[in-house]
Amino acid sequence: MTSHGLEYEGCNFFRQRLVLSTLSGKRVRIKGIRSRDDNPGLRDFEASFIRLLDKVTNGTKIEINQTGTVLFYQPGLLLGGTIEHDCNPQRSIGYYLEGLLMLAAFMKTPLKATLKGVTNDPTDPSVDLLKTTALPLLKQFGIDGDGLEMKVVKRGMAPGGGGEVIFSCPIRRTLRPVQLTEPGKIKRIRGIAYSVRVSPQMANRIVDSARSVINKFIPDIYIYTDHLKGANSGKSPGFGLVLAAETQKGFFLSAELSSAPQGQGPTILPEDLGKNCAKLLLEEIHRGGCVDSTNQSLALLFMTLGQQDVSKVLLGPLSPHTVEFLRHIRDFFQIMFKMEAKPPLEDERKGGEKVLMTCVGVGFSNISKVTK
């Protein structure tokens, strides 16, 4: 620990560090960002993420050296309000939304963010996926009400983008502790097959092939087709599928696939995409837990920030991203989780090994929210 707050090296887990720095109020210095690359320093999408953080905070100090290989970040106060941001098309809007989801409830005024860019790409979670899985998760922690919504106004596929999403979130003074230990059985599967600037038949072909796999598993399936045309369809062609399985206890496990950006990577038939996505969903169900792998770190963060009470969440196997996130939580909030492995029961088909994560919250409260 130096007088500069926390020090890190390299460009990995860049968002985690900045988001946790903003919440904990601890300064952070990241050095050696791609210093050995032919093209060293921050990428455009990372700079765009920093600008987004700058828009939702007040008094944040950001210093970047000339080559962009060292970043010093001193967080200001979370302000919120109505903002617009053009997300860099190198990454999809989901990349920026994941950061906002972690911060939105602690703003001074409720956040209403209009984000423009790529809504669906093969790398980041899509807006549809976050809407289906992250919003119900926020509600578990008491972040709910009319103000909570995520809406796809226009779809934009990579590489051209041209999509638009509105995300609004109410503010909370404190988060409630949770006990999410019983996922329950899967009761239904919902999905969206979307296509833009290609034949509307594409979406139907995706639906038929996905159903051919999942129908053997459960009868209650409904997959919407979403075919946008004209001004709402962005600048690039593409198609994809988002599937979510809902359990009896109201938890969501999800999977998605989208076609490769135009001119990059191998072409995939809609039939293969539908089947592969269905298999990914079954794999996610096998991993199980109360939170799917995309939202593990969001759940762990909210447990950390909860009131000074015990929170428990049952998760499937931890993703590498989550493991690193736990290390960062320890750095920024000095919180350690108790982890218990829960082997699958012999007689019940409960899927893979689960981990029960337990912690006592730091009692984080939104200092800028006036108590009535």
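**Close-ups of a predicted model**

**View 1. A salt bridge between R155 and D226.** R155 pairs up with D226 in a salt bridge, and their closest N and O atoms sit 2.9 Å apart. (A salt bridge here is a side-chain nitrogen of Lys or Arg within 4 Å of a carboxyl oxygen of Asp or Glu.) R155 belongs to the loop between β9 (149–154) and β10 (163–169), while D226 is in strand β13 (residues 221–228), so the pair ties together parts that are 71 residues apart in sequence. Helices (H or I, at least four residues) and strands (E, at least two) are DSSP runs, numbered from the N terminus. Side chains of opposite charge can pair when their charged atoms come close. Searching the whole structure turns up 18 salt bridges.

This is a predicted model, so to speak of local features we need pLDDT of at least 70, and side-chain atom pairs count only at pLDDT 80 or more, while totals for chains, interfaces and linings use all residues. Residues are numbered from 1 along each chain as its sequence is written, and side-chain values use heavy atoms, with hydrogens and water left out.

View 2. The peptide bond from A158 to P159 is cis, with omega near 0°. R197 has a positive phi of about 55°, even though it isn't a glycine.

**View 3. An open sheet of four strands.** The strand order is β11-β16-β18-β17, and the pairing is mixed. (Two strands pair if DSSP finds at least two bridges between them.) β11 (179–180) and β17 (338–342) are the edge strands with a single partner each, so one side of each has no neighbour in the sheet. β11 runs parallel to β16 (residues 310–315), and two bridges join them. Zoom in on Q179 and you'll find its bridge partner in β16, K312.

**View 4. Where domain 1 meets domain 3.** The domain assignment gives domain 1 (6–174), domain 2 (186–287) and domain 3 (291–360); such bounds come from an automatic or database assignment. The contact (heavy atoms within 4.5 Å) takes 26 residues from domain 1 and 21 residues from domain 3. The C-alpha centres of these two domains are 22 Å apart.

View 5. On the side of domain 1 that touches domain 3, the elements giving two or more residues are β1 (6–9), α1 (14–24), α3 (93–103) and α4 (127–140). α1 gives the most to that side, with seven residues.
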